[in-house]
Amino acid sequence: MSLSTPTRPDLTSLFHGLPDALAPQRTPHLSQLTQLVEAFRRPPPTPARTHQFENDVAVRLRELGRSVVEWTVNHLEADEARAVPTQILWQGQAYQRRPKSHNRSLACLFGPIQLQRYRYEPIDGGDQALFPLEIALGIEAERATPALAERAAQAAASQTQGQVRELLARQHGVTWSVKVLRKVTAAVSRGLAEQRQAVQAGRLVKALQQAEASVGSHRPTVCVGRDGVMVPLRGRHDYAEASAATVSVRDRQGRRLYTAYLGRMPEKEQKTLSTQLTGLLLLLPTLWTGTALRWQYLSDGGQQPSAYFRLVLRQLRDPRTGRRWCWERVLDFYHASTYITKLAEALFGGTRAGLAWAAKMRHWLRHKPGGIQRVLYSAAALRARYELTAAEEKAYDRAWGYLQKRKRHMDYAGYKRRGLALGTGVTEAACKTVFTQRLKQSGMRWHKEGGQVIVDLRVLVLSGVWDEAYQAYLGSKPQLETGTLAGRSTGTAKKAA
């Protein structure tokens, strides 16, 4: 291999346009980068040397970035106190300026930085000081810049706190304690939770537009489901039932296009999940301007899912027209099939004849018009023919009664013909992806509040709306009026642009 003669690299042109005042921060790093380039170019390259060269350059560039960020944020406020407002008004309270306080230790994407800023104290007394510069920058939990806070919270949605701390140290040179990591993650989670409903509704509407433009014989469908999953808790109760919900959009051929996820840690009667799910559903008609939608509710026959349909969904009215929604209530086919298996076990025991009968009944249930009635008739005929033990009779009555009570929600042949979903696989998968994969790893135990921090982050990741939610969160942060930092006006709270 023929290599060109090494010449001394000139890297200054790469940073053309940076303020001249940054030269003291920039020059040492450029000098070290130049040395790295020269050292790499002298001997012939090898895979090992290339690997080391890339990592060394990454370290130097990260240090350069840290210096640039630190210099920039420390030169936003005026150096002279007389150029900064003596008093400001913030959220209805007056504050008096004090001298620049000691440095605040922060972390950014490039590593730890120190921030000097003016402190304002309440004129009418109080212990809560105000730091306008930190408000303007969007500092999270007094520890992180917005970009690093996002990186940490997004990582916490899928990784353990040990893994997140290792990632921050390796990729960003940030060594947080567990307490600081939890504080930052919780602050981001609270802020993002307030944006979840709006961004999920926006994505659902986009999916509905895609569904309306699809080819097929059915109307676009909004399919709603909810289910429960046991999670490990700290305290007296080892496990308790958390709840998950899904809202899916299906096109004119019945294909699922998008799913929004919800999740709540264990709570009596699952009231918060019900409120969140209802709020999301009621928001959709106010944003949707297309053709009339179909509404489907798909779940097992559990107490909470059934009560939610009976007490809430059946009572919902369109916010625009006031008309009550017409729901297609579907009992999960695979859940219903388990009761056919219980009938077979009661009638036949564990025999091959029982397995064959159950398979035939499942086929009837799924494909035959009026399939559930055929199943019940067949089971009743066999019950009249066979003598059962007391235990078998009890099991038979329980299974037969379950199917009889819910048979109006088991028209699977009709549902299939109308392009509706038959199984709760999406919602059951939500229990796994929202809770099990993250909260039920070996040795884990959770406080409800801490678990909810992670769940609120995970539902945004799984719903594919993280970026929209985070930008909305940044835009919702209260800000000082333009000019406060430079002394041109007093500060009154407003939303960030």
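Mentor: A charge sits over a ring if NZ of Lys or CZ of Arg is within 6 Å of the ring centre and within 35 degrees of the ring normal. The model is predicted: local features need pLDDT of at least 70 and side-chain atom pairs 80 or more, while totals for chains, interfaces and linings use all residues. Residues are numbered from 1 along each chain as its sequence is written, and side-chain values use heavy atoms, with hydrogens and water left out.

Trainee: Which ring does the charged end of arginine 104 sit over?

Mentor: The ring is that of phenylalanine 131, and the charged end lies 5.4 Å from its centre; the limit is 6 Å. Arginine 226 likewise lies over the face of tyrosine 308, at 4.7 Å from the ring centre.

Trainee: Why is the pair of tyrosine 339 and tyrosine 402 called stacked?

Mentor: Rings of Phe, Tyr and Trp (its six-membered ring) pair if their centres lie within 6.5 Å; planes under 30 degrees apart count as stacked, over 60 as edge-to-face and the rest as tilted. Here the centres are 3.8 Å apart and the planes at 0 degrees, so the pair is stacked. Tyrosine 339 belongs to helix α10 and tyrosine 402 to helix α13, 63 residues apart; helices (H or I, at least four residues) and strands (E, at least two) are DSSP runs, numbered from the N terminus.

Trainee: What makes the pair of phenylalanine 348 and tyrosine 386 edge-to-face?

Mentor: The angle between the planes is 75 degrees, with 5.9 Å centre to centre; edge-to-face begins over 60.

Trainee: Why does phenylalanine 348 count as buried, and why is tyrosine 386 called partly exposed?

Mentor: Buried means under 20% relative accessible area, exposed over 50%, partly exposed in between (1.4 Å probe, protein chains only). Phenylalanine 348 has 18% relative accessibility, so it counts as buried. Tyrosine 386 has 28%, and therefore counts as partly exposed.

Trainee: How many aromatic pairs does the structure hold?

Mentor: There are 14 aromatic pairs. Ring pairs also join Phe333, Tyr334, Tyr412 and Tyr415 into a cluster.

Trainee: Which residues line the second largest cavity?

Mentor: Lining residues have an atom within 4 Å of a point of the cavity, a set of points on a 1 Å grid over the protein atoms alone where a 1.4 Å probe fits but cannot get out. Among those lining the second largest cavity are Arg226, Asp227 and Glu428.

Conventions
1 Å grid on protein atoms, 1.4 Å probe; cavity = no way out; pocket = protein on both sides within 12 Å on 5 of 7 lines; lining within 4 Å.
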